[in-house]
Amino acid sequence: MSNIADTSAGKVSLWRSFPAAFWVANGMEIFERMGWYGFYAVSSLYLTGAVIDGGLGFSSDDRGVIQGLATFFLYLFPALFGALADRYGFRRMFVAASMVMVPGYLLLSIPNSFWGFLGVYFLVAVGHGMFKPVVISTVAKSTTEKTGSMGFGIFYMMVNIGGFLGPIVAGIVRGWDWKYVFYASAGWSLLVGVVALIFYKEPPRDEKAEANRSLSDVFSGMIAVVGNARFFILVTGVLTIMVVGSKWLDFKLVLPVAAGWLALNYLWDFLCRATGGGEAWFRQPMRVGEGRYLTFLLLMAGFWTSFNQIFMTLPEYIRDYTNTADLIASLGPAAGWVTNVAGGLGIDTSEWGKAVLDHGQVKPEHLINLNAFGIIVGQVAISYLSRKLPALTTMILGTLITVLSFLLFVFGHGGWMIVIAVLVFSVGEMLASPKSKEYAGRIAPPGKVGMYMGYFYWCVALGNLFGGLLSGVTYQYFGPKGIDKPGLMWLIFAALALVSAILLGVYNRWVQRNPAR
């Protein structure tokens with residue numbers, strides 16, 4: 001009985017290696033991910049789907065703006081809500097997150113306008129942003145130096161289990177009505193709050209010291225990483241122009257407007273320097289903060305921009321261009337055997353097709369869900385095989401494999417080709433994603449490791465923003481409502497991933513020649 005603690009031999013079971021708070025937090029993580037990915041995996045289909053089929057009929061442009069903005073803020077919120085959790089308690093924040101997510105998902109089925117849906121989806125993002133820092137902090141405080149690697153490995157596995165199960169349920173229930181997708185996500189989110197109330201006990205932590213970290217400290221820290229307030233406003237303005245341009249400006253005007261904003265800021269900067277500046281923040285010359293780290297985050301944002309196309313662009317592409325007849329023919333006999341067995345037991349299977357098929361084709365979310373399945377099955381093996389490779393080498397290799405997966409979308413539209421491409425992409429993700437955070441810690445100056453790790457998710461936030469905007473613009477132009485040449489779109493995504501890999505290599509050589517002090 002190897003899984004039972006043997007205290008006399010000094011061996012402890014996996015279960016007893018971690019406190020109860022660790023396992024409760026991982027259970028809540030599964031439910032939270034089921035709620036998020038349950039809708040996120042089908043969000044492209046819902047937003048752009050025909051109204052007659054229950055969708056909202058939005059353009060791909062609008063869909064990209066909604067997805068990009070919501071997920072961008074979701075990955076920025078943890079820094080803010082982490083400070084609130086330190087002040088008011090982890091358990092309260094878990095419950096508060098559930099109380100925001102549940103009505104958010106229930107309300108999400110109501111709006112049929114761009115602004116209405118974006119507003120409610122933003123509420124959903126707030127709820128998940130409240131949950132994320134507390135669950136990660138619980139895992140961190142429930143593990144030790146010896147158990148930390150295994151603990152976060154288990155946590156990553158729970159993330160993917162939830163990301164795998166949520167879309168399966170959503171894909172099944174939307175065959176009857178889209179409203180059940182929102183009900184399901186609300187139900188999983190409700191379970192988060194119930195589990196927190198009944199089972200969660202906060203791990204030991206220095207509550208007095210952590211409570212002293214105010215929101216003003218968080219904002220000051222964010223600005224300090226970027227630079228000073230002037231440079232922070234410059235960067236925020238550029239991001240705003242990109243978002244506004246995607247929705248309200250002709251795409252050809254975005255670059256000239258951005259260039260005008262940069263010129264205006266640099267002209268003011270020149271005047272500030274010429275006159276000696278002043279104490280007021282707006283009279284101070286622009287100053288870049290952690291330029292070395294910001295460069296890394298920007299390069300990683302390129303990877304995440306291409307990575308997110310699996311969830312943002314691929315669902316529409318499969319719906320509009322993929323013929324899954326080959327897949328249905330291959331799996332038909334097995335499906336027939338299952339339905340025959342169920343029918344022999346007296347179960348009505350006449351509507352089972354709604355769970356898997358849509359307009360005679362395999363639903364996109366079931367094919368995309370192979371990404372999470374591949375990670376669950378293969379992450380341990382991939383991590384073992386790549387354990388001796390340097391972090392950067394592993395990241396670049398993973399990124400190059402994602403390039404290959406995008407090229408497979410160019411050359412094939414059949415169901416099996418999509419399956420192969422998604423699984424190939426999963427291998428790339430398993431190599432690149434886990435190592436990226438490790439690399440961030442390795443290049444950090446000795447006294448700034450905590451800061452580098454704390455703001456790592458900025459690159460994920462930017463990758464979601466850029467990914468959403470790029471996805472919407474490119475699919476609108478290259479898709480069926482544009483010039484109808486989706487292969488060129490996948491070549492752009494592949495080129496972006498390739499350039500990101502090359503620039504990461506260049507960046508690493510520069511880091512090695514200029515070690516941090």
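What is the handedness of the crossing of α11 and α22, left-handed or right-handed?

## The model

This is a predicted model, in which local features need pLDDT of at least 70 and side-chain atom pairs count only at pLDDT 80 or more, while totals for chains, interfaces and linings use all residues. Residues are numbered from 1 along each chain as its sequence is written, and side-chain values use heavy atoms, with hydrogens and water left out.

## Two helix pairs

The crossing of α11 and α22 is left-handed (the near helix is turned anticlockwise from the far one by less than a right angle). Helix α11 covers residues 291-307 and helix α22 covers residues 486-513, and their axes come within 8 Å and cross at roughly 155°. Axes here are lines fitted to C-alpha atoms, for helices over the stretch in contact, and angles run from 0 to 180 degrees between N-to-C directions; helices are DSSP runs of H or I with at least four residues, strands are runs of E with at least two, and both are numbered from the N terminus. The pair α11 and α22 is therefore roughly antiparallel, a term for angles over 145 degrees.

Helix α3 (residues 90-108) and helix α4 (residues 114-141) pack at an angle of about 155°, with their axes 8 Å apart. These two helices, α3 and α4, are therefore roughly antiparallel to each other, and the crossing of α3 and α4 is left-handed.

## A nonpolar surface patch

I233, L267, W268, F270, L271, W281 and F282 make a nonpolar surface patch of about 720 Å². Such a patch consists of residues with over 30% relative accessible area and no salt bridge, its nonpolar side chains (Val, Leu, Ile, Met, Phe, Trp, Tyr) being joined within 5 Å; a salt bridge is a side-chain nitrogen of Lys or Arg within 4 Å of a carboxyl oxygen of Asp or Glu. Accessible areas come from the Shrake-Rupley method with a 1.4 Å probe, and for residues only the protein chains shown count as cover.

Helix α10 (residues 251-274) gives the most to this patch, with four residues. F270 lies in helix α10 and is exposed, with a relative accessible area of 55% (exposed means over 50%, buried under 20%, and partly exposed in between).

## Two residues with positive phi

Most residues other than glycine have a negative phi. H359, although it is not a glycine, has a positive phi of about 55°; H359 is placed in the loop between β1 (357-358) and β2 (361-362) and counts as exposed at 63% relative accessibility.

D484, also a residue other than glycine, has a positive phi near 60°. D484 lies in the loop between α21 (457-478) and α22, and at 42% relative accessibility D484 counts as partly exposed.

Key
Patches are made of residues with over 30% relative accessible area and no salt bridge: like charges are joined within 9 Å, nonpolar side chains (Val, Leu, Ile, Met, Phe, Trp, Tyr) within 5 Å. Buried means under 20% relative accessible area, exposed over 50%, partly exposed in between (1.4 Å probe, protein chains only). Angles under 35 degrees count as roughly parallel, over 145 as roughly antiparallel, 65 to 115 as roughly perpendicular and the rest as oblique.
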